[in-house]
Amino acid sequence: MALPVAEWRGRAARLWAALDPALRERLAAASLHDAVRLGCDLLRTEEEAALAQLCHRAATDKKPEAASWYREQGNREFKRGRYQAALRLYSKAASHELPGSPEVSVCFANRSAALLHLGHFEVCLEDIARAESHGYPDRLLPKVLLRKAECLLCLGRLQDAQDILRVLESKIALDGVMITHLTRLKKLSQLKVKLGEKERCPEPAQEACGGIQGKPEIWEENSRISGASSSLGLGFDAERGRHLVASQDIVPGQSLVKEEAFVSVLCPGESLPLQDGDTAWDTGATNADLYCHRCLRQLLASVPCQGCSYAKYCSQDCADMAWQQYHRTECSLGALLLTLGVFCHVALRTVLLAGFAEVSRLVAWSHCGDKSLQNPEASCKPLSEAADAGAGSRGVPGCDSNGRYQSSYQALFHLLPHAEQHSPEHKFLCTLTVVAVCKQLQAAGLEAAVLSQESPQQQPKPKTCENTSDGLSPELKTVAEAMLRHVLQLQCNAQAITVMQELGPGDGAVVDKKPVRLATAFFPVLSLLNHSCCPNTSVSFSGIAATVRASQPISSGQEVFHCYGPHWCRMRVAERQQLLRQYFFECRCPACLEELESGVKSVVSIRNSFCCPKCQAQMQGEEDILCCSNEACATSTSRDHLSGRLQDLQHQIKKALGLLRVGKADQAIKMLLKCQMDAGTFLSPEHLLMGEMEDHLAQVYATLGKWQEAARHLKKSIEIVEMHHGPLSVETGHELFKLAQILFNGFAVSEALSTIQRAEGILSVHFGPQNAQIQELQEMKACLSELPRNILQRT
């Protein structure tokens, strides 16, 4: 949720409508500086009270009663053998327990048992250490020590395991009640003997398979643009603003930008149910439970924040770093930030990461009359003087005094907020929102924490002034102004960090994935790329790092483009132009110009069109009534009727996939085949949904081990995907990856090898050689290549 919850937006809209027209005009024309000051006066006590009530629905404080319930649910899942579900429930329990309490130690100990069953021995040892450090009850210690010894044995650390066993045996000798553990001790002794035999007769070392790791990419960083390749140059003009241009010929797959986000905030995400039935507490797993709140790595055994139940981290190092950088300020504001949306949260975190000294310096510079200078230290020099100061990129906004464009707060600050182009109502909502945050910072006694945040240059800390009559100190007004700027910038410059997330349990022979928005971030260098509906780059993410690669050849002197969302092959030009209005420009890329100027119906419209229920010819018309293109047929029907049939069909497909998830594959096949027959009576054979149904059928047949049938359906899906997205698209690459899995499992060796080669070639262009899918493809290829020659010849 980028913007605040609907109730807060509604209150802001009603307050705006009730304002005197003259005041509305004043607000509409106000600078960010003046808007904040007016917002301080207009945010009434009633609005603050209403916001406090809204925050109760997103409480992030610790609740020991919730922890107890989650732990019980985890125990239940553990007994059923559902260790992954138990793992996440124990993590939820740990996040609600008070730090240092015996109860939290039990959560870590229970979670270590699930980790042991899942084979995560190193992480299991970490949780055991956490349990011991949090005061795990001495009477329960033998269970944990046994688990620790078993992990050490599994890891081959025999001496450490023997030391633990000696400690455990001495405890048992002192306490006769612990005799119940002797059975397991006997089992571990047997494991010790076996491991000792392995130690005496070690197995020969396995040679690494050549080529599995992929070749490292050649990379030479640009001397003028941090994180950019030396093959790029920085340009600037009135029409295109800042932009990147190829300074030499670039080949597909070549890395162009490698940048870590200046700031990123995890999006809570949709809930993924862990178990059936209504419960007193939410047992769903969201992005907030699955990914580190700082580095965005996938969580296995999360480290909870000691102050709130929301923030979770992949390690204690990440937790400590987040606390020092920003979470010590954000921790008690969790419910408020969840209520006011991700954009507001990103804006606050940006200010905290930059440090107040750097923020106040740039805000003060923005009050100067001439905003065209790239160098805030230059104060208000005339533009001619700035031009004389140096050549090249020194005249580009956001560059430092040496003409270097860095992934810095200065570059971020210079991203355009388009304050004059946002609607007055939206600007008013954003103003009230950031003022509300700053007032809460002040009320919670967090002002000093905000102002003591150091900039990267470690500039002197500012002195705190007394609060003024309108409620905010001058320093917090500066913070609010910077936050307002960043919230407005995000509409045009927010980058969605995405991750490929598995659909379903992920334990099948063929893994289906979809891209999911994981976080919202600022990437100052990535923001230099202008939009095109037919881009020449592809962007991928690893944690908080983005990599931009050329997706097609780029000639020297050609501009480098990124697609902001609506790609030409996925959407008609009218729909694309509508979506792009949020960026305050009109797209004039080749794809848009061709479709607008030629008047020819787009390929997307033709392929995703309805067909005549009688003769299957294409239905046409822009109005509510569609007519058959076959003059001899002349059938007509309403667009709403066909759209209703499409919605019903999508609902039936969803039900079929639900049947597959609960193990009813045969019923899922029958329902999907029926959907396919129904779709053929009113959808174009090239409609994307026809391809999706082929993909779903392939998935079901693969679940049943019917590899040939699965491959047949997936090939039809690939044909349709290629028609829509192109043979070298990332979508085609993902489909070929699934086909490779099916052919590999079906032992169709020669066809599998050729499919692997094609999938690898496409995916390496978009994701680079270290991508997980490419690694898996290379492992499949290595396995198939090692088969005896006579088998390879037969297949």
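Helix α30, which runs over residues 749-767, has 19 residues and reaches 25 Å from its first C-alpha to its last, close to the 27 Å expected at 1.5 Å a residue. The structure described here is a predicted model.

**Helix α30 and the residue after it**

- Buried positions in α30 include V749, A752, T755, I756 and A759, and the charged residue E760 is also among those that are buried.
- Further along α30, I762, L763, V765, H766 and F767 are buried as well.
- Just after α30 comes G768, whose phi is positive, at about 85°.

- R242 belongs to strand β2, which covers residues 241-246.
- Although R242 is buried, it has no salt bridge, and D237, the nearest side chain of opposite charge, is 11 Å away.
- The side chain of R242 does reach backbone oxygens: that of H414 at 2.8 Å, and that of P397, which lies 3.0 Å from a polar atom of this side chain.
- With neighbours within four places in sequence left aside, R242 is in contact with G235, F236, V396, P397, G398, Y405, A411, H414, L415, L416, L528 and N530.

**The annotated region**

- Over residues 292-331 the chain is 38% helix and 10% strand, while the end C-alpha atoms are 15 Å apart.

Technical notes
Residues are numbered from 1 along each chain as its sequence is written. This is a predicted model: local features need pLDDT of at least 70, side-chain atom pairs count only at pLDDT 80 or more; totals for chains, interfaces and linings use all residues. Side-chain values use heavy atoms; hydrogens and water are left out. Helices (H or I, at least four residues) and strands (E, at least two) are DSSP runs, numbered from the N terminus. The expected span of a helix is 1.5 Å times one less than its number of residues. Buried means under 20% relative accessible area, exposed over 50%, partly exposed in between (1.4 Å probe, protein chains only). Lys and Arg count as positive and Asp and Glu as negative; His and the chain ends are not counted. A salt bridge is a side-chain nitrogen of Lys or Arg within 4 Å of a carboxyl oxygen of Asp or Glu. A polar contact is a pair of N or O atoms within 3.5 Å; within protein, one must be able to donate a hydrogen and the other to accept it, and residues adjacent in sequence count only if both atoms are side-chain atoms. Contact means heavy atoms within 4.5 Å.
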